[in-house]
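Here's a quick tour of a protein model for anyone just getting started. Keep the picture open while you read, and look up each residue as it comes along.

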Amino acid sequence: MFAYYFNKTLMHIFYGKAALIDYLKSIKTNHSSVGFVPTMGAIHQGHLSLMQQSMQENEITVASIFVNPTQFNNPEDLAKYPRTLEEDIKKIGDLSRKIIVFAPPIDAIYEGKPSAQLFDFDGLENLMEGKFRPGHFNGVGTIVKRLFEIVEPTNAYFGEKDFQQLQIVKKMVEKNNMNVNVKGCPIYRETNNLAMSSRNELLSPKEKKDASLIYKTLVGAKAKFKKNSAESVAKWVQKSFEKNPDFKLEYFQIADEATLLPCLRKNKNKKYRAFIAVFVNNIRLIDTISLN
Ligand code: AMP
């Protein structure tokens, strides 16, 4: 354990998994519930809102900070991912010194060269993010499963910003009969409504300002979907981005919230959601909005 004094208050920060497991055993009682918030660091208000919810609902909260190499299909993306551990610990400490931080080095999670386990998520892994980032969800499944085995959480908190990831984690828990409640939490946004993301730090102030187009387009798509087909809404979105050469639309998809399958014909009994991935000067941003 690394005892980190933050304004004279001790915070518990662990780098090794055995030390974390021992410590959790020593503080857990039969009644205590453990809330867990896995992150890749570069902590922002979105992450902190998940931790806040966990603090409200559990006696113990653990937050992990680990940039997981096996979920990056693009080595350049992994190399430039922001790593700001000292600042992250300060931000978490500002929210609550009681939050236990787990920040393992790579070799505490992976033996030798990091590699992902193969998962079957009943096809959820092949759509949208899975289609454009091959192998991404095997990496996500691998890290989340390993972290769950270490922390043994009662409740685990995931952001709806990564809605497909949330559904994938729920599927993994269901298929493997894991004893964890997976909870989805609302998207936290910047003042211009850009979904908060660690990747936003890589944008210039102008790019960040202009990136408000993403949410604006989602809101426009939501309004249009009331009277139009998913296909015609998608065409409208494509056109909106074509007009803006600073953006490269990777995909826009209206899908069934439960199955994530594309909406071919509207069914009023189903819940739909729009999903978008856009490059702003090589920085890949995603967002999503519920449509009905
Ligand atoms: P990341 O560090 O990007 O892997 O995110 C860690 C967790 O925080 C994931 O469950 C994300 O979905 C969640 N998260 C990231 N950004 C936001 C946001 N803007 N609002 C709510 N949750 C978020």
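What follows is a short briefing, grouped by topic.

Keep in mind that you're looking at a predicted model. The protein chain has 11 helices and 10 strands. A search of the whole structure turns up one cavity of 30 Å³ or more, and the rings of the chain form 10 aromatic pairs.

**Overall build**

- The chain's radius of gyration is 20 Å, close to the 19 Å that the globule rule gives for 292 residues, so the chain is as compact as a globular protein of that length.
- Of the 292 residues in the chain, 52% are buried.

**The cavity inside**

- Here's the idea behind the search: rolling a probe the size of a water molecule over the atoms shows where empty space is left.
- How big is the largest cavity in volume? It comes out at about 850 Å³.
- The largest cavity is lined by 48 residues, and the closest to its centre are Met40, His47, Lys161, Asp162 and Gln165.
- Which element gives the largest share of the lining? That's α7, with six residues.
- Several elements each supply at least two lining residues, including the strands β3 (34–39) and β6 (155–159) and the helices α2 (45–57) and α8 (163–175). Also among them are β9 (272–280) and β10 (283–290).
- Sorted by class, the lining has 27 nonpolar, 14 polar and seven charged residues.

**Rings that meet**

- A pair of aromatic rings is described by the distance of the centres and the angle of the planes.
- Take Phe132 and Tyr251 as an example: their ring centres are 5.3 Å apart and their planes are at 20°, so this pair is stacked. The cut-off you need here is that planes under 30 degrees apart count as stacked.
- This pair ties together distant parts of the chain, since Phe132 is in helix α6 (residues 128–132) and Tyr251 is in strand β8 (residues 247–256), 119 residues apart.
- Are the two partners buried or exposed? Phe132 is partly exposed, with a relative accessible area of 32%, while Tyr251 is buried at 9%.
- Elsewhere, ring pairs join Phe36, Phe148 and Phe158 into a cluster.

**Charges over rings**

- Look for Lys224 next: its charged end sits over the ring of Trp236, 5.0 Å from the ring's centre.
- Arg273 does this with Phe163, and here the charged end is 4.1 Å from the centre of the ring.

- Most residues other than glycine have a negative phi, and most peptide bonds are trans.
- Ala42 has a positive phi, near 50°, and is a residue other than glycine.
- Where does Ala42 lie? You'll find Ala42 in the loop between β3 and α2.
- With a relative accessibility of 2%, Ala42 counts as buried, because the cut-off for buried is under 20%.
- Glu152 has a positive phi too, near 45°, and lies in the loop between α7 and β6.
- Glu152 has a relative accessibility of 53% and so counts as exposed, the cut-off being over 50%.

Notes. Residues numbered from 1 in each chain as written. Predicted model: local features only at pLDDT ≥ 70, side-chain atom pairs only at ≥ 80, totals over all residues. Heavy atoms only, no water. Phe/Tyr/Trp six-rings, centres within 6.5 Å; stacked < 30°, edge-to-face > 60°. Helix = DSSP H or I, 4+ residues; strand = E, 2+ residues; numbered from the N terminus. Buried < 20%, exposed > 50% of the residue type's maximum accessible area, 1.4 Å probe, protein only. Lys NZ or Arg CZ within 6 Å of the ring centre and 35° of its normal. 1 Å grid on protein atoms, 1.4 Å probe; cavity = no way out; pocket = protein on both sides within 12 Å on 5 of 7 lines; lining within 4 Å. Points joined across faces, edges and corners; volume = space filled by probe spheres on them. Nonpolar A, V, L, I, M, F, W, Y, C, P; charged D, E, K, R; others polar. Rg over C-alpha atoms; globule rule 2.2 N^0.38 Å.
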